[in-house]
Amino acid sequence: MGIRHEVRDRVSRITLDRPEALNALTPELRERVIALLAEASADPDVRAVLLTGTGRGFCAGADLRGGATAGERVAGDVARMLRLGAQQLIAAVLDCEKPVLAAVNGTAAGLGAHLALACDLVLAAESARFIEVFVRRGLVPDGGGAYLLPRLVGPQRAKELMFFGDALRAADAERLGLVNRVVPDGELAKTAGLWAERLAAGPTRALALTKQLVNASLDADRATAFTAEATAQEINMPTHDAQEGLTAFGERRDPVFKGR
C-alpha cells in the first residue's frame, strides 16, 4: 500500500506504511504525500494534518534503490531531481495552510528526518532516533536540511549533526529543541491524536497566518516582519473565528471556532 490516509475528526491522517523498508519514500509515495498536503490546504473540512509511520521507522529517507545511482547521468540531473522531488516535499509541509503535526514513531533518517523537522509541531516516541545520514554516504544534506537545522538549533549544532551523522536519541532531540515533546512509545498515538484534535478545534485561518508569519520571520528583517504581521491581522480580523473569539471573551465563555 505504501500510504494510509483518512480524514477523521477534521484531521487529515497520513501514515507512511512501508514498515519492511522503514517507510523509505519512493518517488510515487513522495508525490502522494505532496498531493495529500495540497488537498488538506484546500479542504475546508480538514483543519489539521497528522503525519506518522508504521513499524520501527518513521521514515528512513528517500528510497535510493535503483534510483539516484542508476544509469548514465546528464549534467543537471541531480539538481533537477532534488528541486522537483525532495525539496518540493519539504516545501509542501512548510506551505501547507493547515498545521502539520509529526508523530515520530521510530527512526527518522535523511529526508525522513527533514520531513519531520519541517512540521509545525513534532512529537517523538522514546525509541525515536534522528539521523543526518548523508555524511555516511559521502553526500551533501538535501531535502532542506541545511535550511531547517540551523534555524532550529543554530549553525554549530547543525554542523555537528551533519558532519558526524550520529544517531540522535529522542531525549537529546528534545533537549536541543528539535522536537516539542517525547512520550513513551505506547502513548505516542494517543498523545498525537489529542494534539491533532486540539489543532483541529482551533481558529484555522489564524493558525495558517501565524504559521506563515513565523516561517517568514526567519528570513525577514524587522520592518518586513512587522508589516507582514499587520497585514495578517487585517486579513484575519473579519473572519468568523476572530469575531467569535472576541465575542466569547466579552461574554466570558469558551469560543467555538469553525475554521473560517
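Strand β2, residues 11-17, runs parallel to strand β3, residues 48-53, and six bridges join the two. In that pairing, leucine 16 sits opposite glycine 53 of β3. Keep in mind that this is a predicted model.

Now the whole sheet. Six strands make it up, and the sheet is open. Read across, the order is β1-β2-β3-β5-β7-β10, with mixed pairing. What stands at the edges? β1, residues 2-8, and β10, residues 181-183. Each has a single partner strand, so one side of each has no neighbour in the sheet. From one strand to the next, the twist averages 20 degrees.

Next, the packing. The largest nonpolar core has 49 residues. Which of them touch the most other members? Leu25, Leu37, Phe58, Val104, Leu115, Phe130 and Leu178. Helix α1, residues 27-42, supplies the largest share of this core, with six residues.

Take leucine 178 from that list. Leaving out residues up to four places away in sequence, leucine 178 touches Leu117, Val122, Leu149, Leu152, Val153, Leu161, Leu168 and Ala173.

On to a helix pair. Helix α2 covers residues 77-84, and helix α3 covers residues 86-95. Their axes come within 3 Å and cross at roughly 20 degrees. Angles under 35 degrees count as roughly parallel, and α2 and α3 therefore fall in that class. Who makes the contact? From α2, Met81, Leu82, Arg83 and Leu84; from α3, Ala86, Gln87 and Gln88. By class, that is four nonpolar, two polar and one charged residues.

Last topic: backbone angles. Most residues other than glycine have a negative phi. Here are two residues with a positive one.

Arginine 10 has a phi of about 70 degrees, and it is not a glycine. Arginine 10 lies in the loop between β1 and β2. Is arginine 10 buried, exposed or partly exposed? Its relative accessibility is 37%, so arginine 10 counts as partly exposed.

Asparagine 23 is also not a glycine, and its positive phi is about 60 degrees. Look for asparagine 23 in the loop between β2 and α1. Buried or exposed, for asparagine 23? Relative accessibility is 2%, so asparagine 23 counts as buried.

Terms used: Residues are numbered from 1 along each chain as its sequence is written. This is a predicted model: local features need pLDDT of at least 70, side-chain atom pairs count only at pLDDT 80 or more; totals for chains, interfaces and linings use all residues. Side-chain values use heavy atoms; hydrogens and water are left out. Two strands pair if DSSP finds at least two bridges between them. Helices (H or I, at least four residues) and strands (E, at least two) are DSSP runs, numbered from the N terminus. Axes are lines fitted to C-alpha atoms, for helices over the stretch in contact, and angles run from 0 to 180 degrees between N-to-C directions. A nonpolar core is a set of buried Ala, Val, Leu, Ile, Met, Phe, Trp, Tyr and Cys residues joined through side-chain atoms within 4.5 Å. Buried means under 20% relative accessible area, exposed over 50%, partly exposed in between (1.4 Å probe, protein chains only). Contact means heavy atoms within 4.5 Å. Angles under 35 degrees count as roughly parallel, over 145 as roughly antiparallel, 65 to 115 as roughly perpendicular and the rest as oblique. Ala, Val, Leu, Ile, Met, Phe, Trp, Tyr, Cys and Pro count as nonpolar, Asp, Glu, Lys and Arg as charged, and the others, Gly among them, as polar.
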